Structures are given as C-alpha cells and as structure tokens.
Amino acid sequence: MTATAPATTAKTPQGLFSRQYASATAVFATVMFLTGLAALAVVPTLPTAAQDLDGVALFPLVAGCFVAASLLGGVLGGHWADRSGAHRPLAAGMVLAVATLVVSAASTSVWQLAAGRFVDGVAGGMIAVAVNAAIGQAYPERLQPRALALMSACWIIPSLVGPPLAGLVAEWWSWRAVFYGLAALTALPALAVVALLHGRFRPAAPEPSKDAAPRPALLFAVAVSVGAALGQYGASGWDTRHLLFAAVGLALLAVFATRLLPSGTVRAARGLPATVLLRGLSSGVFFTLEALVPLMLVTDRDVAPVVTGLAFTGAAVAWAASSWVQGRLPERTPRHRLVVIGALIQVAAVVVATAGSAPGAHPAVAASSMVVAAVGMGLLAPSLTVLSLSHAPAGRQGYASSAMQTTQNLGQILVLGVASAVFHAFPALGPDDAAGYGAAFALLLVPGVLAVLLAPRSGNVPGTGRDDRDGCRT
C-alpha cells in the first residue's frame, strides 16, 4: 500500500522584506528616498537662484516647468514600462535626474536653470510612473498597499532634513552648492540602483495584451507639456503677452490632454476612468492648499518661515502615517470606501483653511489645514493607485500609471491656476485683507465635493467583477 503524501502545509504569506521581495523593496525604497531628498531640497533654493540669475520675473516658469515636463516624462515612462518592463525607465530616470542637477548647478542664465528643471521634470515623471508600474509588476495585489505606504514613508526623513539643510547651505555658501552637493550625494546610490535593476531585480515586462489599443503619439505628450508650461508662464503676468501665452496653453491642454487619458475620464466612467479623474481632483485640492496656505501665512500673517516649514513637515508626516494605516487594513477592505473617506477629510481641510483665512483667526488654524489634507491624501492616493493597477488591462500597468500621473499634474496646474485667478480677482488686496484667500479656498469645495460624490465610481465595474477593460483608450 502506497503511503499517503502528507497534506501540503499552507505557505506563510511573503512580506515586503521576505527573500522573494527584498531586492525589489530595497530598490524602490532607495529610489523614493533619493528622489524625495532631491525634490524637497531643491525647491526652497529656486527663488535665490532666480534672483542671482536676474530672472525673478520668470520664476513662475522656473518653478512650474518641472510639473509641466513630468507630464511628458510620465507618458514616456509608462509606455516604456509596458514595452520592456519598468526597470528600464526607472534606471534611465535615475541617471537623468543626477545629470540635470549638474546642469542646473552650472546655470549661467535663468533660461538654463529652467531647462534643467524641465529635464528634471521629465526624469521625475519617468521615475514616478515606473515605480508604480514596477510595484504592479513585482508584488501581488495584497502587498501593493503596503509597498505604496513604504514609498510614502521614504519621504519622511527628506522632508525633515532636506529643506532646512538646503536653506542653510544656500545662505552660508551658495545655491549652486545645493545642486552640486545633491548630485554628488545621489550619484553613487543612483548607480547602485541602476546596477541592481539590470542585475538581480527586474520586474518582468508583461506579455502585450491583444486588446491593447495603439499607444498615444509622442506629439500628444509634448503638446500637453508645452501647454502646461505656457499656461504657467502666462500666469506670471496680466499684460497682453502673458494672457496670449495662457490662452495658447489652455487651448493645447483642451485639445490634447484627453488623448492621453482613458476614454470616459471626463464623464467619470466607472473603473479606470473615474479613478484617473479622482487623482486629478484630489491632487488639485491638496497642492493648491500647499501653495496658498504658506503664501497667506507669510504675506498676510507675517508668520516666520520656520513655522511654515513645520507645517510642511507635519503634512509629510501625516501623509506617511495615514498611508501606513491604509496599508495595514484588512485585505477585504473596499478600496473605494477609503477614497470616499479621504475625499471627505480633504473637504474638511478646505473648510478649516477657509475659516483660517478669516481676519483674527490664529495662523495655526490655516496651517493645520495642510496636515488635515495630508491625512486625506495618505488614505486616498495609495488606494487610487491600487485601484488603477487593478483596473488596468493586462500588460498596461504602465499606461494606467502614466494616466494617473498626467491627471495629478493637470489637476495641480488647473485647480491652482483657477484658484490663483480668483485670488487675484480681488482688487486692492492689501496685507490685511484676506478676502482673496478666503474666496480661493472656498473654491476648492467644488473639486473636493465632486471627488466625494464620484469616489464610489472608482470601485469594481458591474458585470465584470473586476475592471473596465474597454475603458482604456490610447
């Protein structure tokens, strides 16, 4: 009689740092730490750099071209990841990011600085999309929320030490030393990441899907990036020339932006289109608060810059903490419900900011709105990413990630632009007049409430049990 084989023992679920996933986790954590350090340290030095290069009038372009270029980088990275795996655009983005730090540091004019920031935006967009696509390719769905939470946590230390350290270096030495120092600091770790990506760890490129439509022409991505840059330049003034640039930029966005997004995004079709739209709405609310609240605290309330810095730090920690919470929830927790909760918290943050803009309100009220909004983003941003990867057709995680990156940047540009226009519409706005800020903050209730109402549409599509595979148009 043949002995009966013992029952197979159930395998212990593998974690992020198990032997199977340790190399992937190390790569992603290192990438996010380095990109976070560079991003958060460079931004505070840009006003000093623009002033030193006699280009203060072009500062909106210098500050905004990174976001505009990341639209192009996101599309490039997403399509590259779908064709040959996420490791290639991730490695290329890391090398390009280090190179652009040197280009910016050597700037002899504000235009060279803007060009360096533009190319850095391309690299940043490639990295952001490639990381999300790689997470979708490297981890099972149950580990993806925890991996995304870890990515958020990797920004905590850079947010604590990056801005103040860069400010001290720029004040005591030179803004160029910040760029050169970051290039030297990140060069060796970046090369190590590249070697690991091309060695032990390679997220496998999925087999091309038969139902995948042709990819969007590169022209569309270039047009959207140029349109975003022109719109930001146009926002730097109110004369005829600036208004003309703004009009051309908006026209380019209106014509070409939807061609980079899933079909049905504008009408919030259930599944991937709604998920992509929600990323734009929520990002617009959060980043507009992050831009206007510090401006109000410094110009209208005479708050010390260190206090504003603490608000940024608190927001970064709050985002990471709430992201960690969503990553530890039971696997059966419906992701779209976390999106609803996160959107409701964002609406509460808008209400707090509006109340904080009232005359006589303590500055801490407005500052706390950034922290509250970050809690909401920590819940909904990773949840939207997980949903987008789930809704993506087979072999199209890169496309879904690039669409999310596109709407994030478009939401940031458009919502902030409209809020800024409302702010500037109030004539004779003096240092003690908070009406413009209050109106700009109140305007954010529109995308905030809209996100709450549309959040349930990011869940599963009825009749499919999983996703909307016909909602992906390229």
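Reader: Is R259 buried, partly exposed or exposed?

Author: Bear in mind that this is a predicted model. Burial is read from relative accessibility, with buried meaning under 20% and exposed over 50%. R259 has a relative accessibility of 39%, so R259 counts as partly exposed.

Reader: Where in the chain does R259 sit?

Author: R259 belongs to the loop that links α10 (240–256) and α11 (272–299). A polar atom of the R259 side chain lies 3.4 Å from the backbone oxygen of V255. In sequence, R259 and A221 are 38 residues apart, while their C-alpha atoms are 8.9 Å apart in space.

Reader: How do I read the packing of α13 and α17, and at what angle do they pack?

Author: Angles over 145 degrees count as roughly antiparallel. Helix α13 (residues 335–356) and helix α17 (residues 445–454) pack at about 160 degrees, with 8 Å between their axes. The two helices, α13 and α17, are therefore roughly antiparallel. Their crossing is left-handed.

Reader: Which residues make the contact?

Author: From α13 come A343, L344, V347, V350 and V351, and from α17 come L445, G448, V449, A451 and V452. Of the residues in this contact of α13 with α17, nine are nonpolar, one is polar and none is charged.

Reader: Which residues of α16 are buried?

Author: In α16 (residues 435–443), the buried residues are G436, Y437, G438, A440 and F441.

Reader: What do the buried residues of α16 pack against?

Author: Those buried residues pack against α11, α13, α15 (397–424) and α17.

Terms used. Residues numbered from 1 in each chain as written. Predicted model: local features only at pLDDT ≥ 70, side-chain atom pairs only at ≥ 80, totals over all residues. Heavy atoms only, no water. Axes fitted to C-alpha atoms, helices over the stretch in contact; angles between N-to-C directions. Helix = DSSP H or I, 4+ residues; strand = E, 2+ residues; numbered from the N terminus. Parallel < 35°, antiparallel > 145°, perpendicular 65-115°, else oblique. Left-handed = near helix turned anticlockwise from the far one by under 90°. Contact = heavy atoms within 4.5 Å. Nonpolar A, V, L, I, M, F, W, Y, C, P; charged D, E, K, R; others polar. Buried < 20%, exposed > 50% of the residue type's maximum accessible area, 1.4 Å probe, protein only. Polar contact = N/O pair within 3.5 Å; in protein donor to acceptor, adjacent residues only side chain to side chain.
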